Amino acid sequence: MFFGVKARLAIKSEGNCNIVEVLYNSIFAEVVSPANVGRIKPLIRMDNSCSLYLEVEADTLSHARAFINSILYLINASIETMNILEGYRS
């Protein structure tokens with residue numbers, strides 16, 4: 001099957017690798033078992049320089065957009081949760 005749409009997302013954190021690890025764990029399940037199986041090919045990886053990389057190949061632009069929106073929503077929810085927890089610690 002030809003996948004005509006490709007997208008890449010990189011998230012880097014300077015100094016706090018824990019944030020990148022939390023984000024990785026929060027989106028990992030969606031990446032390894034996406035809703036549009038067969039229509040998208042996602043790949044996620046994290047390196048030890050506090051960087052997270054997500055690559056997506058999709059058969060249509062709308063499938064790529066839907067997957068990326070889902071991932072961005074999960075990332076936003078994770079960041080908001082971390083901010084709330086940090087407020088409780090203070």
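User: Which residue takes a positive phi in the hairpin of E2 and E3?
Analyst: That's cysteine 50, with a positive phi near 60°, and the hairpin has 3 residues between the strands. Keep in mind that this is a predicted model: local features need pLDDT of at least 70, side-chain atom pairs count only at pLDDT 80 or more, and totals for chains, interfaces and linings use all residues. Residues are numbered from 1 along each chain as its sequence is written, and side-chain values use heavy atoms, with hydrogens and water left out.

User: What counts as a strand here?
Analyst: Strands (E, at least two residues) and helices (H or I, at least four) are DSSP runs, numbered from the N terminus.

User: OK, how many bridges join E2 to E3?
Analyst: There are 8, and the two strands run antiparallel. Two strands pair if DSSP finds at least two bridges between them. In E3, leucine 54 is the bridge partner of isoleucine 44, and valine 56 is the partner of proline 42.

User: And what about E1 and E3, how many bridges there?
Analyst: Also 8 bridges, with E1 (residues 5–12) antiparallel to E3. Alanine 7 stands opposite valine 56 in E3.

User: Why is E3 largely enclosed?
Analyst: Because 6 of its 8 residues are buried. Buried means under 20% relative accessible area, exposed over 50%, partly exposed in between (1.4 Å probe, protein chains only).

User: New topic: is serine 78 buried or exposed?
Analyst: Serine 78 counts as buried, at 11% relative accessibility. Serine 78 lies in helix H2 (residues 61–89).

User: Which residues does serine 78 touch?
Analyst: Leu23 and Ser26, not counting residues up to four places away in sequence. Contact means heavy atoms within 4.5 Å.
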